[in-house]
Amino acid sequence: GQGPARDTWGVEAVKDVDDLEIDWMPDDFHAGRVSLVDVAKNVSMVRCPASNLSRDVYVHQSVAEPVALAVNDVTCFKIHLNKHGLPQASAPLWKRIGTDIGDSLVRFGEFQGLVTRLDDGSIAIDCAEVTELHGKEATMTEDALNECGLVEGNFIAFDVQCNQSGDPEAAQPCWICCSSERWVKDLVTKRSALELEEGIADAAECQKISLSFHVLPSHSNLSADETAQALQVLAFDSW
């Protein structure tokens, strides 16, 4: 079984952390509880019982600053082996926040988005997937924002629940990206690129559909080049 690890500097991790039961995690993600935090030595470690590892997972400060973590926090991340063949967390590292964070049942958020404050002062989560599904952005109450310890610009993973008005809200608990601002920007950029790619694919499909409704007459005497030119004109006119 997995026991407490002793880090490179000789600091021993706690012997006992609370159990976890995995409800859902993305592929290749591992969930665990923080077993050691040493701010002075810039090191933290996570115990992942469900991952069948022989030792705790090392978290480099470039993946998550120790000040962002506390013993028994629930985190998730991908794992790689370092040059010594030992398990090490890969960025981005996510930490569960909000109400029910002590719950042993762990489920990662279905959606990801950036916490923003709108002109009227309300809180919204910028996530194109939620907007597409519900016709509007997911919101978060000021109380929930404070309970989660979030501020504008935080990148979170979350599930959605509908309030009494039927509007989407970010549910608690959620997950905050603890890795550096560079990683947050990278995640946002990748999501924007994916959304753009999906938009282009949708546009191409729409163009195919549009062309299918503009069939040239079967008795047309146009040449192959003239037919191709006519189809291009029809495609242009459909937008």
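Which residue forms a salt bridge with glutamate 181? I looked it up, keeping in mind that this is a predicted model. The partner is lysine 185, and the closest N and O atoms are 3.6 Å apart. Both sit in helix α3 (residues 181–212), and because they are 4 residues apart there, about one helical turn separates them. I checked the surface too: glutamate 181 is exposed, and so is lysine 185.

Next I searched the whole structure and got 6 salt bridges. One of them links aspartate 73 with lysine 95, with 3.9 Å between the closest N and O atoms. Aspartate 73 is in the loop between β4 (57–60) and β5 (74–81), while lysine 95 is in strand β6 (residues 87–97), so this pair ties together parts that are 22 residues apart in sequence. Here I found both aspartate 73 and lysine 95 buried.

I also noted arginine 47 with aspartate 56, where the closest N and O atoms are 2.9 Å apart. Arginine 47 and aspartate 56 are buried as well.

Then I turned to a strand. Is strand β11 (residues 155–158) covered on one face or on both? Both faces are covered: Phe155 and Ala157 are buried on one side, Ile156 and Phe158 on the other. I reminded myself that side chains in a regular strand alternate between the two faces of the sheet.

Last, I looked up the neighbours. Strand β8 (residues 111–117) runs antiparallel to β11, joined by 4 bridges, and phenylalanine 111 stands opposite phenylalanine 158. Strand β14 (residues 174–177) is also antiparallel to β11, with 2 bridges, and there alanine 157 stands opposite tryptophan 175.

Note on methods. Residues numbered from 1 in each chain as written. Predicted model: local features only at pLDDT ≥ 70, side-chain atom pairs only at ≥ 80, totals over all residues. Heavy atoms only, no water. Salt bridge = Lys/Arg side-chain N within 4 Å of Asp/Glu carboxyl O. Buried < 20%, exposed > 50% of the residue type's maximum accessible area, 1.4 Å probe, protein only. Pairing = 2+ DSSP bridges.
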